[in-house]
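The exercises below are to be worked with the coordinates open, and each task is followed by a solution that goes step by step.

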Amino acid sequence: ACGIAQIRRTMLFKYLNRTEAMAGAGLSKDRQTQAQVRNLSCLKLTDRQAMRRSIEFFTGRGPGLTPSGDDVLYGFSLVLVAFGKGSDWLAAMREMSLSKATTDISLSYLRALLQGYASSVMCDLVRALDMREQELIERIVATAAAFGHTSGRDILQGFCCALHCLSGAETTEG
């Protein structure tokens, strides 16, 4: 199984950084939003204030039944749950998921994730960290990207940010 030290060497990580997965879909491309995305990629998971600021910024932001910002938070949290890391982040997400700052559908998805449940598409994405078949990885990413209207691409953006955050890798965004 992939450990944090191996993240940067995985085929999935390399593929996601070669593609547009870091770009997301439904979030605004304005300077402030892009700065927040970059901050998420290098977030210190011990800085409670920075984590709360990120959660507050993304919660309910953007279009959709599950707003794009919530999808980014979901993708980010998915990686932390998968690696058993970021307990302070997850605690802050639990507090946020009790609020009504977003849609009921988003709250349901986030609550389910925080209880350890995710769709098969998202579980496949996590499992792809251990895969070495490029074609299969590309199919899994394409399936995840196609999830919902913009949700899949937004989730992938959060997923990528969390991989960078955990691995300490430089982001490829400018």
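**Exercise 1.** What should the twelve residues of helix H8 (residues 134-145) span at 1.5 Å a residue, and how far apart are its end C-alpha atoms?

*Solution.* The model is a predicted one. The expected span is 1.5 Å times one less than the number of residues, which for the twelve residues of H8 should come to 16 Å. The end C-alpha atoms of H8 are 16 Å apart, in agreement with that expectation.

**Exercise 2.** Identify the buried residues of H8, taking buried as under 20% relative accessible area, and determine how they are arranged about the axis.

*Solution.* The buried residues of H8 are Ile 137, Ile 140, Val 141, Ala 144 and Ala 145. Viewed down the helix axis, these buried residues fall within an arc of 135°, so they line one face of H8. The partners against which the buried residues of H8 pack are helix H1 (11-18), helix H7 (120-127) and helix H9 (151-167).

**Exercise 3.** Classify the relative orientation of helix H4 (residues 68-83) and helix H6 (residues 104-114), and describe their contact.

*Solution.* The two axes come within 10 Å and cross at roughly 5°. Angles under 35 degrees count as roughly parallel, and H4 and H6 are therefore roughly parallel to each other. In the contact, Asp 70, Tyr 74, Ser 77, Leu 78 and Val 81 of H4 meet Ser 106, Tyr 109, Leu 110 and Leu 113 of H6. By class, this contact has six nonpolar, two polar and one charged residues.

Technical notes. Residues are numbered from 1 along each chain as its sequence is written. This is a predicted model: local features need pLDDT of at least 70, side-chain atom pairs count only at pLDDT 80 or more; totals for chains, interfaces and linings use all residues. Side-chain values use heavy atoms; hydrogens and water are left out. Helices (H or I, at least four residues) and strands (E, at least two) are DSSP runs, numbered from the N terminus. Buried means under 20% relative accessible area, exposed over 50%, partly exposed in between (1.4 Å probe, protein chains only). The arc is that of the directions from the helix axis to the C-beta atoms. Contact means heavy atoms within 4.5 Å. Axes are lines fitted to C-alpha atoms, for helices over the stretch in contact, and angles run from 0 to 180 degrees between N-to-C directions. Angles under 35 degrees count as roughly parallel, over 145 as roughly antiparallel, 65 to 115 as roughly perpendicular and the rest as oblique. Ala, Val, Leu, Ile, Met, Phe, Trp, Tyr, Cys and Pro count as nonpolar, Asp, Glu, Lys and Arg as charged, and the others, Gly among them, as polar.
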